[in-house]
Amino acid sequence: MESAATIDPPMISPVSPPPQRGTSHVQTSEVASERPAFEVERLSIFYGDKKAIDDVSVGIPSKKITAIIGPSGCGKSSFLRSLNRMHELVPNTRIEGKVLFAGEDIYAPHVDPVVIRRRIGMVFQKSNPFPTMSIAENVLVGLKLNGVRDRAFLRERLEQSLRMAALWDEVKDDLHKPGVSLSGGQQQRLCIARAIAVEPEVLLMDEPASALDPIATAKIEELIHELSANYTVVIVTHNMQQAGRCSDYTAFLYLGRLIEFGSTTKIFSNPTERKTEDYITGRFG
Amino acid sequence: MKSKRRLRNNHLWRRTKSALASIVAFVCALLVIAPLALVLFHLLRSGASAVNWSFFTELPKPVGVAGGGMANAIAGSFELLGLAAVVGVPVGVFGGVYLAEYGTVRGNWLLRFVADVLNGVPSIIWGVVVYGLVVLCFKGFSAYAGGLALGFIMIPLIMRTTEEVLLLVPAGYREASLALGISRWKTIVHIVMKTALKGIVTAVLLALARVAGETAPLLFTAFGNRFWNHNLSEPIAALPLQIFSYAISPYDDWHRQAWAGALVLVVMIFLINLVVRFLTRERIAKVL
Amino acid sequence: MPIVATPEPSVVRSTIDRMAPPSGVGDKVFKWLTLVMALAVVALVFLVGWQLARGSSPVIQRFGFHFLATSTWDPVAEQFGALPFIYGTAVSSLIALVIAVPLSIATAVYLTELAPLWIRQPIISLIEMLAAIPSVILGLWGIFVMIPWLRAYAFPVLKHLFSWTPLFSGPIYGVSMLAGGIIIAVMILPIITSVSREILRSVPNLQREAAYALGATRWEVTRIAVLSYAKKGLFGAVILGLGRALGETMAVTMVIGNTPQIRASLFAPGYTLASVIANEFTEATTDVYLQALFEIGLVLFGITILANLLAQLLLKMMGSTMTTRAVQ
């Protein structure tokens with residue numbers, strides 16, 4: 001087919017340096033003033049000798065929904081997990097580059113991953129409310145096990161988190177029931193409430209609705225919209241239509257490299273890169 | 001035509017062989033179970049009549065005097081099991097935690113190997129070891145020594161079973177907990193171990209059922225006692241010990257009581273196994 | 001959708017502030033604690049070896065290898081020869097294997113390959129029940145049920161049929177090497193059966209399906225596809241049973257007769273390494289006596305460790321991780 005496309009720079013804001021040839025280095029141009037939640041600088045992730053993410057640089061805008069799309073195996077989940085150091089759970093991983101969160105590199109030697117994860121929360125593909133705990137205990141576990149004792153505060157957070165996860169009305173009379181007694185979609189919202197309860201600044205979501213039926217999925221997508229008012233949301237999805245519906249910005253990853261990043265409307269209607277267009281229109285995937 | 005018949009006969013012969021093999025194997029299975037039936041039958045026949053209220057409440061009577069019971073032996077067994085649990089449960093459970101949650105692939109393989117080999121050490125050797133370690137040092141038999149010997153036997157058992165049970169807890173729970181900013185050790189204790197609690201309890205119960213019937217390690221550690229003993233640094237009676245000394249004695253009345261004691265012991269052990277079966281059946285139903 | 005509650009900035013601050021700052025101390029301490037506990041198994045092996053060696057070293061120095069080769073065990077005359085016990089352990093274990101291995105493996109084959117599905121779990125449960133019976137209770141049954149029956153029926157028949165061999169000649173007492181072997185066989189049936197079952201279950205179905213596809217009968221599938229594949233593991237199961245047999249104490253002590261002698265006849269009483277320790281440890285009046293018994297313990301420990309090492313290696317080679325559960 002065609003040779004590897006040269007990277008045509010999108011509209012560049014005056015502040016950003018010109019993109020370098022040979023790297024997947026793209027600017028968050030459309031977001032003007034506010035500082036991005038994450039500034040990823042030349043990030044590479046290695047599992048042993050295998051390079052899962054290759055030299056990615058991108059700025060994730062704050063308080064917006066950014067979707068990460070791409071064919072399976074392209075490294076979306078690895079990239080997402082590197083934002084709160086969750087990929088370190090796999091043995092034999094290392095990274096090169098930097099991930100700046102609120103200006104500080106989260107991979108700096110003195111940084112404690114535990115603290116990072118309190119500020120950057122995560123929701124997983126398969127909902128996993130803790131089976132030995134009730135709904136209320138599930139929501140509050142992050143607070144309680146981290147030393148929060150104030151009963152009144154906990155009760156308040158419980159209601160707030162469940163409200164924000166659009167679950168309060170459905171479970172407010174059943175808070176003592178086991179978390180696993182809820183339906184699939186409700187369980188996922190419970191996990192979202194659990195993640196929100198510790199009041200992170202960012203919510204990372206790894207294919208949060210892929211295990212759910214269409215109605216539950218729609219509820220989750222609606223919820224994501226509301227959540228972005230207060231949190232930066234980064235969502236990985238293999239479902240392009242979902243990315244198109246849900247997100248403000250989209251990053252397209254392919255074989256570990258960032259091919260294109262931009263506003264969702266632009267990516268889906270008028271992508272710059274040929275590969276992006278091929279993926280969007282379904283020529284491969 | 002002849003070859004067709006030969007082929008058919010050959011096929012018939014092969015089918016017959018297969019059926020015969022099934023029958024032979026079935027008979028073998030029956031032979032394997034037969035001792036169980038025989039032992040249980042005789043336990044009930046010879047033991048049931050001798051199990052009465054006084055058996056559970058009275059002390060052994062002097063030689064030649066009829067009657068008496070094994071109250072102190074039953075109590076002593078419980079005390080020894082308690083001591084054994086104090087030694088075996090913490091070491092076994094937390095050792096199992098290490099194997100499941102930490103460690104290197106090679107290091108853990110080695111530890112598991114050692115634990116499995118340790119499981120094959122004859123129980124009497126543990127008696128000899130604890131004799132040299134404790135009884136000689138403190139110049140006397142004691143419940144502590146007996147409990148220690150039983151505890152040593154429990155350690156590799158509980159360790160391996162706990163590890164297996166913890167590995168069954170899905171990785172997703174650990175991930176979700178760590179993603180909330182909960183530290184590793186709290187994740188293991190409050191999330192993983194709590195989820196696997198039933199399995200850990202069954203591991204401990206199975207180990208207890210196993211050492212409840214052990215006699216050899218107690219022969220020269222706990223040593224046995226014909227009277228009540230509430231001092232753990234003195235020799236203590238135990239049900240299996242009492243059964244043994246009565247069985248090899250020349251007195252008919254003691255033989256009768258040995259059967260009774262054996263029946264009680266078997267019932268105890270089967271009860272524990274039933275409880276374990278009940279606990280694990282619920283788990284399977286939930287998974288299904 | 002109702003308007004979602006918006007947290008105020010002051011709440012955000014206070015949530016993080018309310019959480020205890022993490023210190024790595026908890027993690028380090030916990031990891032260290034669990035490591036120490038796990039290393040206990042290693043420590044235990046050394047403990048056993050050390051205690052046995054320490055308790056027997058004077059006698060080892062004094063008698064050396066003669067201890068293993070001498071057949072006189074006369075504590076009063078301070079003559080300590082371990083040969084009768086080595087002989088007794090070896091012969092009784094061999095008898096047990098001869099009886100138990102065919103039965104166990106046949107049963108394992110039956111349970112995994114040949115039996116109708118509904119009958120499998122009941123039989124498995126019954127075998128587990130047999131495994132749960134303590135050795136002393138089996139010994140009790142051995143003394144009062146098995147021995148009288150053997151003495152009255154089985155042994156005379158054997159003697160009548162086989163008196164031309166030295167194995168089945170000589171006076172019949174009831175307590176005998178043969179009785180010891182039989183009772184050990186009963187004790188090791190469950191473990192060989194359950195480990196063999198696990199081995200056979202781990203044979204991939206592909207093997208069986210390939211043989212069925214060639215038109216083999218059920219028995220032929222078992223023989224050709226399953227058993228030959230599982231040879232190594234089954235051998236490991238047998239060695240595991242042997243390890244168990246070598247260390248079996250109480251039931252054997254109660255039926256073998258406890259006489260330190262080496263006789264060709266299986267009807268003659270015998271004595272095993274484990275039994276002499278069980279019987280005479282508390283009777284040992286002199287230091288030398290006790291040390292000799294410690295040395296017997298050392299020999300017993302040595303051979304059981306070797307047997308278990310071999311068994312574990314064979315089983316691990318077949319990739320079975322079910323060994324510990326089988327031990328229970």
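**Burial, helix and sheet**

Tutor: C:Ser176 counts as buried because it has 28 C-beta neighbours inside 10 Å, where buried means 20 or more other C-beta atoms within 10 Å of a residue's own, exposed means 12 or fewer, partly exposed lies in between, and C-beta atoms are placed from the backbone. This is a predicted model, in which local features need pLDDT of at least 70 and side-chain atom pairs count only at pLDDT 80 or more, while totals for chains, interfaces and linings use all residues. Residues are numbered from 1 along each chain as its sequence is written, and chains are lettered from A and ligands numbered from 1 in the order in which they are written.

Student: Between which helices of chain C does the loop with C:Ser176 lie?

Tutor: Helices (H or I, at least four residues) and strands (E, at least two) are DSSP runs, numbered from the N terminus. Leaving aside neighbours within four places in sequence, C:Ser176 is in contact, that is, with C-beta atoms placed from the backbone within 7 Å, with C:Gly257, C:Leu266, C:Phe267, C:Ala268 and C:Pro269. The loop that holds C:Ser176 lies between α6 (135-162) and α7 (177-201) of chain C.

Student: How far apart in space are C:Ser176 and C:Arg120?

Tutor: In sequence, C:Ser176 and C:Arg120 are separated by 56 residues. From C-alpha to C-alpha, the distance between C:Ser176 and C:Arg120 is 35 Å.

Student: Why do the buried residues of α7(A) line one face of the helix?

Tutor: Helix α7 (residues 214-227) of chain A has 14 residues and reaches 20 Å from its first C-alpha to its last, close to the 20 Å expected, a span defined as 1.5 Å times one less than the number of residues. The buried residues of α7(A) are A:Ile220, A:Leu223, A:Ile224 and A:Leu227, whereas A:Pro214 and A:Ile215, on the other side, are exposed. Seen down the axis of α7(A), the buried residues line one face because the directions from the helix axis to their C-beta atoms fall within an arc of 105°.

Student: In what order do the six strands of the open sheet in chain A run?

Tutor: Chain A has ten helices and eleven strands, and two strands pair if DSSP finds at least two bridges between them. The pairing is mixed, and the order is β7-β8-β9-β4-β10-β11 (chain A).

Student: Which residue of β9(A) is the bridge partner of A:Met205?

Tutor: β7(A) and β8(A) run parallel and are joined by four bridges, with A:Val202 in β8(A) as the bridge partner of A:Ile120. β8(A) and β9(A) also pair in the parallel sense, over five bridges. In β9(A), the bridge partner of A:Met205 is A:Ile235.

Student: Which element gives the most to the side of chain B that touches chain A?

Tutor: The contact takes 15 residues from chain B and 23 residues from chain A. On the side of chain B that touches chain A, the elements giving two or more residues are α7 (171-179) and α8 (184-195) of chain B. With six residues, the element that gives the most is α7(B).

Notes:
Contact = placed C-beta atoms within 7 Å.
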